[in-house]
Amino acid sequence: MSDVQTGDIPNLAPDSVAPIQTDVLAPRGRFTHKPRILLMYGSLRERSFSRLAVEEAGRLLAMFGAETRMFHADGLPLPDDAGADHPKVAELRDLVTWSEGMVWCSPERHGAMTAVMKAQIDWIPLALGAVRPTQGKTLALMQVSGGSQSFNTLNQMRVLGRWMRMITIPNQSSIPKAFLEFDEAGRMKPSGLYDRIVDVMEELVKFTLLTRETADYLVDRYSERKETAEELMARVNQAAL
């Protein structure tokens, strides 16, 4: 198969085929700044266990050498109930653009992620201009539950991460009976569940450092190289299917 030429595959558009560039996959100077990680959580309660969980995640990420910022969804309108110039929408989109990786943590409600979590994700556009703002960014997933351990919310968010062309890391965290796992000060108690969060954040930083300089190249697609920017804009921003 190594001797196959583009002329032997008649369905290909030869001018749009690009050879694998191994030098691009290992650029110099990839560790010139701290990984930039955006933390998002899916509850507006005063004592929000998803917020407490991402606060713990943020401390761990800082220990592993990352720079973190957290988005608070209070005041964020429902999707399509305001314009992109709404202050909270603009804040979220600016943070997404700033970030090189993300942590999403949602409670499980009725067997699914919360509306608060989904609304945040829905406000992240598939395209800003001809650029997808999430593609190639790393993603770590966490969920908290009031009852027994579940992975429904994690599975849903993993589908969303794939749809948004993010590099969703293999490890993940599910915290059952979250009300038992945090002390009165809001700090997570020592346990195997806490150790899993350490694992996830360590893995997120590693994946972010490994991929951030090559993210655009990793998600570069043959089919999109065949399209012009105008054609791409028309397709991803169409008003109706």
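1. A residue counts as buried when its relative accessible area is under 20%. The model discussed here is a predicted one, and buried residues make up 44% of its 241 residues.

2. Strand E6 covers residues 167-175, and eight of these nine residues are buried, so the strand is largely enclosed by the rest of the structure.

3. What is the partner of E6, and in which sense do the two strands pair? The partner is strand E5, residues 138-144, and the pairing is parallel, with six bridges. Within this pair, Leu 139 stands opposite Thr 168 of E6.

4. Between the two strands the chain passes through helix H4, residues 152-163. The path from E5 over H4 to E6 is a β-α-β crossover, and its hand is right-handed.

5. For the overall layout, the protein has eight helices and six strands. Read from the N terminus, the order of elements is β-α-β-α-β-β-α-β-α-β-α-α-α-α.

6. Of the contacts with a separation of 6 or more, 78% are between residues 24 or more positions apart.

7. Ala 90 belongs to helix H2, residues 87-98. Is Ala 90 buried or partly exposed? Its relative accessible area is 27%, so Ala 90 is partly exposed.

Methods: Residues numbered from 1 in each chain as written. Predicted model: local features only at pLDDT ≥ 70, side-chain atom pairs only at ≥ 80, totals over all residues. Heavy atoms only, no water. Buried < 20%, exposed > 50% of the residue type's maximum accessible area, 1.4 Å probe, protein only. Helix = DSSP H or I, 4+ residues; strand = E, 2+ residues; numbered from the N terminus. Pairing = 2+ DSSP bridges. Right-handed = clockwise from strand over helix to strand, strands pointing away. Contact = heavy atoms within 4.5 Å.
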